[in-house]
Amino acid sequence: MTGILQKRNLVSSLLVLLSLFLFVPQAAAKPLDYNGGVKNEYTYEEVFFLTGYPIRFSGKATVSEKLNKDKLTNTYRFTLTSPEGHKLTRSVVYEAVVDERKDKGQTTSQTDVKSYSEKVTIGKETYTLADYQFSQGAVSDNRPASDYYSGNVVGRKIYKHVGTDKKENMITVHMSGRNMGYENFWGATETQFMDFQIETNRGQAFVSSKVSDSKSKVLQYEPHDPSLSSFTGGHAVISKSNMISEYSYDIPFGAGKGVVHLNQEMVPKIERLIVPKFRDLSKHWAKDNIEKLYSLGVFDETTQFFSPNTPMKRYQYTVGVLKAVDIRVLEDPKSKKKTVKKAIFNDLDVKDPDYGYIESAVEKGIITGVTPDKFNPDGPITRVQAIAILVRALGMEGRAPSPGYRTNYVDNHKIPNWARDSVYVATELGLVSGDQFNRFNPNEPLTRAQAAAVTVRFLDFLENDLKQNYRDDMLFFD
């Protein structure tokens, strides 16, 4: 019994190590507060409009986050100055009640302001935040390969303004907006739109802000120039992060109409990956795709021959996709009872170091067995099975039309009903296409080279296509 427990502990340790993959998890992208500001490692910058003219402030901004059961507290602190020597200090604490619905795969939250203080000094004038009312509702659809979320914001700020003549008057700012974003291992973007209606004793003004925070990881080939070397080059992961913002304003009693742009970019981080040394890929069309995935640890080959034209096995493909998007393996529930874990399929072995990935894939609805009792791990994966895994991992199979539609492939009748939604969505997303005769060939085995190509295209979707959709398609500025 002791030997069995030691082996189980070893398997658990291996699964934990594999689930960590090569990198730390992708940090969330999130604009700071709701004022349209941008930030890099050193500087935060925003524009202030209550004087009737745009004033740029920059300086230090800190964010802290604390989760206690179902309550998430975010604290923002700003200490800013303008080129003219004006000063802005602000401290805001937001508290969100989080409701995680594991049965629906979704999370909702309701956010309110818990405490606030703000003071802006413009020469001998001051603007002090006297009251702040705020509410935000948000929902996140938690899919295996990526989370997608959106929220709506409404609020009101009341400032006490003391002018150079020492007279006091109140300024009311009505605010409303929305935000949308995604987060996965390869990237995260949040884009926020806010509208402000400013009411003063001099009249009304209108300001809109559009801000987007984006973080991404990009695979890049790095050549190795010396000819007398054991390798010719390798890949690196470049992690990038930047924030862009645009303010548009209409202030009849002051600056009139105008636009202000802000941009802050962080210094990229570079991580070199292991160098592949396959001997049967020198002129193969999928060489670059295969080497990328090997460098990432998606393909863990033990020989110098990849055999690109042989069929890809169901087990290896499923494990590779989950590793590629850093899906965490399921952890065994803690129990004092000494029980031997049973595999979810009769033809799988729980002692296999990658077994946890298959169990997670089944639990998350990414893949099923060929029968209730068999997974057929060494069987070739077909094109339709491979595409279904990718679309289910994205959680987008529900984006297909109502039942009864046809795909545009000439062999549409050969596509199984259970996979037609996935094939349709994958085609629309550009993950897959037909052959020269516009055939999908659903039951054709996928070669190892083809599996590498479609997996790299899948990662490109997570790296670039989502960012294009959540930032560039909504923001019409550089």
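Predicted model: local features only at pLDDT ≥ 70, side-chain atom pairs only at ≥ 80, totals over all residues.
In which sense of crossing, left-handed or right-handed, does α3 pass α7?

**First stop: the whole chain**

Display the entire chain as a cartoon. It contains seven helices and 14 strands. Along the principal axes, the C-alpha atoms fill a box of roughly 85 × 60 × 55 Å. Of the 478 residues, 48% count as buried. Consider next the contacts between residues at least 6 apart in sequence: 65% of them join residues at least 24 apart.

**Second stop: the nonpolar cores**

Select Leu296, Tyr317, Leu394, Phe458, Leu459 and Leu462. These residues have the most contacts inside the largest nonpolar core, which has 75 residues. Several elements each supply at least two residues of this core, including the strands β9 (168-184) and β12 (233-251) and the helices α3 (314-324) and α7 (448-472). Which element gives the largest share of this core? It is α7, with 11 residues.

Now centre the view on phenylalanine 458. Apart from its neighbours within four places in sequence, phenylalanine 458 is in contact with Ala145, Val321, Val325, Leu390, Ala393, Leu394 and Leu431. Another core, of 42 residues, lies apart from the largest one. To find this other core, select Ile55, Val120, Met243 and Ile251, which are among its members.

Show α3 and α7 together. Two packed helices are described by the angle between their axes and by the distance between those axes. For α3 and α7, the angle is about 25 degrees and the axes are 11 Å apart. Angles under 35 degrees count as roughly parallel, and α3 and α7 are therefore roughly parallel to each other. The opening question can now be answered: α3 passes α7 in a right-handed crossing.

From α3, select Gln316, Tyr317, Val321 and Ala324; they meet Arg448, Ala451, Val454, Thr455, Phe458 and Leu459 in α7. By class, these residues divide into seven nonpolar, two polar and one charged.

Keep α3 and bring in α4. How are these two helices arranged, roughly parallel or roughly perpendicular? Their axes come within 9 Å and cross at roughly 80 degrees. Angles of 65 to 115 degrees count as roughly perpendicular, so α3 is roughly perpendicular to α4. Tyr315, Thr318, Val319, Leu322 and Lys323 in α3 meet Tyr355, Tyr357, Ile358, Ser360 and Ala361 in α4. The contact of α3 with α4 has seven nonpolar, two polar and one charged residues.

Is arginine 420 buried or exposed? Its relative accessible area is 13%; because buried means under 20%, arginine 420 is buried. Leaving aside neighbours within four places in sequence, arginine 420 is in contact with Tyr405, Thr407, Asn412 and Ile415. For a distance exercise, pick the C-alpha atoms of arginine 420 and proline 380: they are separated by 20 Å, and the two residues are 40 apart along the chain.

**Last stop: two asparagines in a loop**

Finally, select asparagine 438, which is in the loop between α6 and α7. Most residues other than glycine have a negative phi. Asparagine 438, however, has a positive phi of about 60 degrees. With a relative accessible area of 32%, asparagine 438 is partly exposed. Asparagine 441 is also in the loop between α6 and α7, and its phi is positive as well, near 55 degrees.

Notes. Residues numbered from 1 in each chain as written. Heavy atoms only, no water. Core = buried A, V, L, I, M, F, W, Y, C linked by side-chain atoms within 4.5 Å. Buried < 20%, exposed > 50% of the residue type's maximum accessible area, 1.4 Å probe, protein only. Helix = DSSP H or I, 4+ residues; strand = E, 2+ residues; numbered from the N terminus. Contact = heavy atoms within 4.5 Å. Axes fitted to C-alpha atoms, helices over the stretch in contact; angles between N-to-C directions. Parallel < 35°, antiparallel > 145°, perpendicular 65-115°, else oblique. Left-handed = near helix turned anticlockwise from the far one by under 90°. Nonpolar A, V, L, I, M, F, W, Y, C, P; charged D, E, K, R; others polar.
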